[in-house]
Amino acid sequence: MNSKLEIIGVLLLLGCYFLQGLYSLPTTSKTYDEGIHLIGGFTFWTYQDFRLHPENGNLPQRWASLPMLLMDAPDFPTDDRSWRYPDGWLAEQTYLYQMPTEPVWFLFLGRVMMLLATTAIGLMVYIYARRLFGIAGGFIALSVFAFHPETLAHGRLITSDMIGAGAYLLSLWGLGLLLVSASIGRILMLGIAVGLLTVSKNHAALFAPVAAISLIAVCAYSREYALRMWRRGLVVNGWWRVLCLRLCALVAAAVIAWGVLWSFYGFRYAAFNPELPAPEQAWDWDRVLANDSASAKVVSAVRESGLLPEAYLFGVAHILKGSEVRHGFLMGDYTYDGWWGFFPLALLFKTPVALILLAVACAISIYAYLKRTGRQLWLKPELAEKVTLTVPLIVLMGIYALVAGSSAFNIGLRYLMPVIVCGVVAMGALAFWWRKSRWGRYTISTLLGLFALESALAFPHYLSFFNRAVGGPENGYRLLVDSSLDWGQDLGALAEWLAEHNSGPEAKPVYLGYFGNESPRYAGIDARYLTSNRVHRDESYQLGTLEPGYYVLSATMLQGMYYQVARPWTEEHTEDYVKLYQEMARLDIQSGDAQTVFLQIMHSDPRRWLEVMETFEALRAESLRLYLIEQEPVARINHSIFVYELTADDLQTAVLDAQFGFPEDFPYGLLKAQIELALERQAAN
């Protein structure tokens with residue numbers, strides 16, 4: 001192919017990917033994790049302090065928040081409670097919704113930065129696949145990347161998932177090149193790539209076993225190794241010599257990666273900037289290291305030695321702790337420990353049918369090629385080099401899939417993103433079939449076209465994509481929730497629906513339970529909250545009376561994934577519900593005087609009262625949810641939000657007593673916050 005035509009083709013596909021992501025942004029509200037990434041990265045830049053969000057990638061947070069520096073955004077207030085008692089979620093609310101800032105522009109420009117980064121990852125996919133499978137393989141892999149619903153869904157969001165996957169791909173490329181031969185440039189490349197990987201997402205530790213296994217595998221068939229230093233070349237023979245030399249090159253790269261990691265933390269161990277006031281509440285190291293696992297012991301040992309920055313280590317420990325127990329939902333079942341089959345099924349549900357067929361064809365094509373090539377694969381130098389470049393890809397996909405299968409993070413296919421991106425590169429192997437026959441070219445072209453069409457039909461709602469074989473996005477809420485479907489992205493669409501169908505003096509009350517961190521008030525929604533989650537509870541979260549009107553639940557809440565209620569509902573739940581109702585009746589809730597109720601609680605047992613209110617709230621929400629999930633909604637907002645209209649009779653059936661609760665104007669959320677703050681102060685004293 002003419003080089004100019006190749007460049008034009010690559011630019012067209014990359015441009016197509018970028019524009020699909022860009023034009024889908026206006027319809028996508030802020031998803032759950034985006035705000036905390038922005039605020040974390042911004043404070044990393046402005047204060048060189050890492051207290052707010054150390055657990056999800058220093059690099060992507062810094063990258064996305066760069067426009068905030070150029071826009072001269074106001075500094076984060078260091079006297080705010082969320083800074084003094086480090087809490088990134090509350091910090092996000094303070095900065096984006098309670099200060100004179102521009103969250104819409106911050107979000108838009110941060111997403112554009114992410115799109116630029118993931119477009120560069122697309123170019124990396126092309127280069128890697130082209131090196132392995134030729135120009136045809138490069139274009140096949142890039143086409144899959146450019147139209148893959150998962151890369152489009154997450155490549156435009158301010159999270160660490162896509163940059164983490166891209167850093168893995170760059171590291172695997174560098175590892176493969178260094179295993180082929182050593183040079184100063186290749187050692188530097190791998191060191192920088194792995195350093196960027198460590199600060200992209202806290203699953204970077206998996207690269208160590210990938211490198212070790214790849215090293216052993218390559219040395220098993222390659223007993224010769226070339227070393228090029230300062231225009232001088234040296235070829236080493238013999239298994240042990242080759243192994244030692246490759247190992248030394250990897251160690252040198254690891255030292256460089258270690259330096260890159262430290263640079264992102266200002267070469268300072270302490271997470272909190274010593275020039276700023278120390279936090280009033282330090283990180284709870286005892287909690288995140290409260291087990292006897294080998295990983296926790298390693299983190300403890302490294303912490304004591306000071307070999308890695310404190311913020312990085314706390315982020316790793318936080319993720320490891322979170323992976324032990326986590327809410328999970330799959331096809332109507334719930335878990336706290338995770339399922340081995342979650343990610344394979346999620347991948348099957350959310351991959352276009354045509355791409356599944358292409359993947360099967362790719363596997364057959366690889367098998368036929370290996371069978372045809374035989375021993376030549378190891379004897380021909382150019383083929384052996386390609387095998388060496390492929391080994392890290394295969395090892396990573398295997399190890400990552402095994403670790404993901406044993407994890408409790410069964411909340412989204414995005415956690416499999418490194419495997420997906422590596423798999424996209426491997427799709428370039430279809431070039432073996434492409435070059436072999438005209439029929440193969442026709443088949444691959446047709447399937448690629450159908451794949452692109454199925455993806456294009458999902459525009460702009462890539463996050464809620466499910467293939468037609470499982471019922472499409474309309475049926476998605478029955479299969480998966482959380483970031484596989486419902487991440488808060490459709491709150492703006494809900495606001496538009498309510499403006500059209502429920503506005504003016506005759507507007508009915510709106511009760512909202514949605515899974516997201518966007519401020520409904522900022523989005524233009526006047527709603528009463530069904531549960532008092534932490535986010536935005538100062539707006540209108542309250543355990544209030546329920547009136548006839550619109551009841552709105554996003555898919556995650558409709559499936560009750562984060563309600564602290566054991567399932568299934570039993571007679572014991574009903575008995576607890578009644579007992580808590582009777583206890584709540586002891587509070588002077590109808591007085592409307594929050595201070596009176598606060599004093600009544602504080603003079604009794606505030607911790608117990610807090611538990612009573614939260615448990616009653618959860619049981620009532622679960623009772624209502626069980627009723628709603630059996631009803632037909634009056635509207636579905638982009639497959640992730642369900643709107644129901646309930647009458648007084650409906651409510652009488654759905655809950656124990658719809659008229660029981662705090663008055664509408666009672667600041668229930670602030671009352672809970674006041675009690676929690678008082679308990680914190682008591683604990684500190």
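In this predicted model, strands β9 and β10 form a hairpin with 3 residues between them, and Asn638 in the turn has a positive phi of about 50°.

**Strand pairing around β10**
- Strand β9, which covers residues 635-637, runs antiparallel to β10 and is joined to it by 3 bridges, with Ile637 standing opposite Ile641 of β10.
- Strand β8, made up of residues 549-554, also pairs with β10 in the antiparallel sense, here over 6 bridges, and Val552 stands opposite Val643 in β10.
- Because 5 of the 6 residues of β10 are buried, the strand is largely enclosed by the rest of the structure.

**Tyr644 within β10**
- Tyr644 belongs to strand β10, which spans residues 641-646, and its relative accessible area of 3% falls under the 20% cut-off, so Tyr644 counts as buried.
- Beyond its neighbours within four places in sequence, Tyr644 is in contact with residues including Gly549, Tyr550, Tyr551 and Leu558, and also with Leu628, Ile629, Gln631, Glu632, Pro633 and Val634.
- Although Tyr644 and Leu553 are 91 residues apart in sequence, their C-alpha atoms are 8.4 Å apart in space.

**A nonpolar surface patch**
- Leu247, Val251, Val255, Trp258 and Leu307 form a nonpolar patch on the surface, and together they have about 470 Å² of accessible area.
- Val255, one of the residues of this patch, lies in helix α11, which runs over residues 239-264, and its relative accessibility of 51% is over the 50% cut-off, so Val255 counts as exposed.

Conventions
Residues are numbered from 1 along each chain as its sequence is written. This is a predicted model: local features need pLDDT of at least 70, side-chain atom pairs count only at pLDDT 80 or more; totals for chains, interfaces and linings use all residues. Side-chain values use heavy atoms; hydrogens and water are left out. Helices (H or I, at least four residues) and strands (E, at least two) are DSSP runs, numbered from the N terminus. Buried means under 20% relative accessible area, exposed over 50%, partly exposed in between (1.4 Å probe, protein chains only). Contact means heavy atoms within 4.5 Å. Patches are made of residues with over 30% relative accessible area and no salt bridge: like charges are joined within 9 Å, nonpolar side chains (Val, Leu, Ile, Met, Phe, Trp, Tyr) within 5 Å. Accessible areas come from the Shrake-Rupley method with a 1.4 Å probe; for residues, only the protein chains shown count as cover. A salt bridge is a side-chain nitrogen of Lys or Arg within 4 Å of a carboxyl oxygen of Asp or Glu. Two strands pair if DSSP finds at least two bridges between them.
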